[in-house]
Amino acid sequence: MTHTLDHCNIVFESLENGTLVVDEECTVWSWNKWLEINTGIASETIIGNNLTAFYPELDYKGFQRKIRTTLRLATPTFYDASLSNRFITIPRKKVTTSLLTSMQLQVTISPYIPSLKRVMVSIHDISDLHELKMTLQHRMMEIAKLNSVLKQDKQIIDTNLMIVKTDCGCLITDTTEAFSHFFGYEKEELVGNSLSSIFVANKHDTEFLQMKDLLQKKQKWSGEMEVHKKNRQQVWMDTVISPYLDETSEIVSYTAIYHDITDKKRIELLSVTDPLTKLYNRQKFNEVFEEMLMRQHWTEDNTFGLLIADVDYFKNVNDTYGHQVGDAVLIAMADTLTGAIRTSDILARWGGEEFVILLPDMDMEKAALVADKYRQAIEQMNIPEVGLITASFGVTVFSKGDTQEKMMYRADLGLYRAKKNGRNRVESVLP
Amino acid sequence: MKILVVDDSKLARLTLIKTLKEYEPSAEVYEAENGAIAVELFKSENPRVVFLDLTMPVMDGYEALKLIMQIDPHAQVVVVSADIQTHAQEQVLALGAKLMVPKPINSEKMVGILQQLVF
Amino acid sequence: MQTDEFSSDHLDVLKELMNIAMGNATASIADLLQAFGTMHIPHLTITDMDGLKKYIDEALKYDEKYYVTKQLFGGIIGGEFIFVMTDESAANLGNYLYDVSQPNDADIMDAVIELTNILSSTIISRLTEELKTKVQFFAPSTEIISGNHLIGDEDTLNYHKIIIVSTVMEFQSHKISGQIFILARDETIIRLRELIDQKLEELYA
């Protein structure tokens, strides 16, 4: 036995960890070199004495219970090492910054000489590991905090911002609560459906086509779109659609962010529209006219026309039948002209009984023919109470160096001549 | 000699019967897998010795022991249980069991039981 | 491996061995901690990872806080011994073992480790003794887990077929109870079956 024990002691001495042998009463029977070095207690001092004399603060009730368990069950027992050190306190020698001033220990109590009720306590310094764990825990707490902020932000976004995510085939994968609520859908109704099939009002709209084109080129698109809700109510949305690309630049998904601008659009529309005829007002016409003048591609062969139409004897209508009937004449006139023009033409009410029309891609000859077509259409109208009415037309076309004033002057001159030459006729004035 | 072996585990019954037969090859063994069946068999067969487990489904050993002791206050019941806490032992002895033997049954234990109850 | 390779006889043997092991564990705790327990019939299932998740979902409440102690054991058979207690039970245990009405977290952790230590070593040792083999125990670790996230998603990859042995440990007078899960995977299940076959052969010989 003594021989074996000597062998054991040699092994203990060379160990890189603390090893002590105690009996059930906590008398120390072995204390290895690692312990001597790290605790400053020499083995001669402690061996044969009770551990309580050196470490009075230790919970001996728990320690002895563990020793008993070890001996009775012939099995190793352990101290919890996850929160704090529960065994003897051993100071740490680490000089550089450290969270721990004393060692965090992994303590295992194993049966040693059961007949003498002795157990071996092995101590491993796991301070570095513990520090790492503490740092990790700290970081995890920070992450948890960030996550909760993120969650709050997400909540705010979900309830306030209209966002849709789609896959690369434009099928909806997710929407915010705000989006589905605004459009009157349940989220489940939307997921899996194509974005455009759900709510795009006019798929042939140039804006929509331009959007499709840009997205196919993997670019971001932003613009205004007229769309409809589930109940078919038309709304205007300011829209930003961004594609998300993977490492190989393939489109993975799209994110569309919408902002309701219906009210803004309504006000905008009010400011450009003549309230009586619903045609563009003079201000808007001037704007469009200016844009058209700015276009660089007009030549002698490819030019645009300007018409001015004025209802004949309108003052008499007003005087005879009153303003309401006069208004009805203007509305009928607006409707007839709206029905007669091409989609690319711009029709507006200039003021009083005067209407103006811009005719892109038209020379003088064609413009005069078109004006005469309109004149005939007006002649055909039958207005309640008033009966038949007529209108006179002044026509001109754009030529290099023209301004709005110059063109308006010529068209007005044409109108003047038409009135002077007997009304219900078209007069052209060349540049 | 009629013997009743009550245990929900087939292994436990087999082990017990095997050990029993080493000493009493002629024993007439009845098996029950819960307390309820055991009580019925006890009534109909009136066995000399009952080996009774405690934790069983349907009716546990405590309940079966009570009923058996009501039917025959002189019944020889040996409780064979994995529950070896002293308070469990006290409880079954108070209910009238002759002996309480920890599982698993081996030859030495069986000899002891038979010596005490049969011879 | 197929579940049917583990016959009802195999399960019966394992269940009975667990029963005996549990009896020893209860007695050890009565002896070492002076706490008297009620024994319950252990429950055995062979399942896969999804089955285990479902099992845990049913066994544990998602809104409860649990002290979960895991201890590995290895040898011819190896696996993970898991002891799960509600925080209330754990606090009662800490209170009981450390004689304080308000045990701190470290006290509770150590108390939970101590109970698990006794449970695992008695149960596994007894089980392996019956099967005539030996295992080595590793240091247990405890963590506090909210809800039933007993097993992380990343852990699920390491197990294929799993044997779940679960039972309840109850010490009514101290309001302490816990659930025991013993998880073992493919190789262990095969070895376990071989050991049980040997035992059955001896019995029928």
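**Exercise 1. The interface of chains B and C**

Determine how many residues of chain B and of chain C are in contact, and how the buried area is made up.

Solution. Step 1: 20 residues of chain B touch 23 residues of chain C, where contact means heavy atoms within 4.5 Å. The model is predicted: local features need pLDDT of at least 70 and side-chain atom pairs count only at pLDDT 80 or more, whereas totals for chains, interfaces and linings use all residues. Residues are numbered from 1 along each chain as its sequence is written, chains are lettered from A and ligands numbered from 1 in the order in which they are written, and side-chain values use heavy atoms, with hydrogens and water left out.

Step 1: The area buried between chain B and chain C is about 1,800 Å², and carbon and sulfur atoms give 62% of it. Buried area is the accessible area (1.4 Å probe) that two parts lose on being put together, summed over both. On the chain B side, Leu11(B), Thr55(B) and Gln85(B) lose the most area to chain C, together 32% of what that side buries.

Step 2: Chain B and chain C share 2 salt bridges, a salt bridge being a side-chain nitrogen of Lys or Arg within 4 Å of a carboxyl oxygen of Asp or Glu. Lys103(B) pairs in this way with Glu16(C), with the closest N and O atoms 2.4 Å apart. Lys103(B) is also joined to Pro104(B) by a cis peptide bond, with omega about -10°. Pro104(B) belongs to the loop between β5 (99-102) and α5 (107-117) of chain B.

**Exercise 2. The interface of chains C and A**

Describe the contact between chain C and chain A, then the helix pair α4(A) and α1(C).

Solution. Step 1: Chain C and chain A bury about 1,800 Å² between them, 52% of it on carbon and sulfur atoms. The count of salt bridges between chain C and chain A is 6.

Step 1: Helix α4 (residues 60-73) of chain A packs against helix α1 (residues 8-33) of chain C at an angle of about 140°, the axes being 10 Å apart. Helices (H or I, at least four residues) and strands (E, at least two) are DSSP runs, numbered from the N terminus. Axes are lines fitted to C-alpha atoms, for helices over the stretch in contact, and angles run from 0 to 180 degrees between N-to-C directions.

Step 2: α4(A) and α1(C) are therefore oblique to each other; angles under 35 degrees count as roughly parallel, over 145 as roughly antiparallel, 65 to 115 as roughly perpendicular and the rest as oblique.

Step 3: Arg65(A), Arg68(A), Thr69(A), Arg72(A) and Leu73(A) of α4(A) meet Ser28(C), Asp31(C), Leu32(C) and Leu33(C) of α1(C). Arg72(A) and Asp31(C) form a salt bridge through their side chains (2.6 Å, N to O).

**Exercise 3. Pairings within chain A**

Which parts of chain A does the pair Arg92(A) and Asp128(A) tie together?

Solution. Step 1: The side chains of Arg92(A) and Asp128(A) meet in a salt bridge (2.7 Å, N to O). Arg92(A) lies in the loop between β3 (77-78) and β4 (105-113) of chain A and Asp128(A) in helix α5 (residues 127-160) of chain A, so the pair ties together parts that are 36 residues apart in sequence.

Step 1: Over all chains, the count comes to 35 salt bridges.
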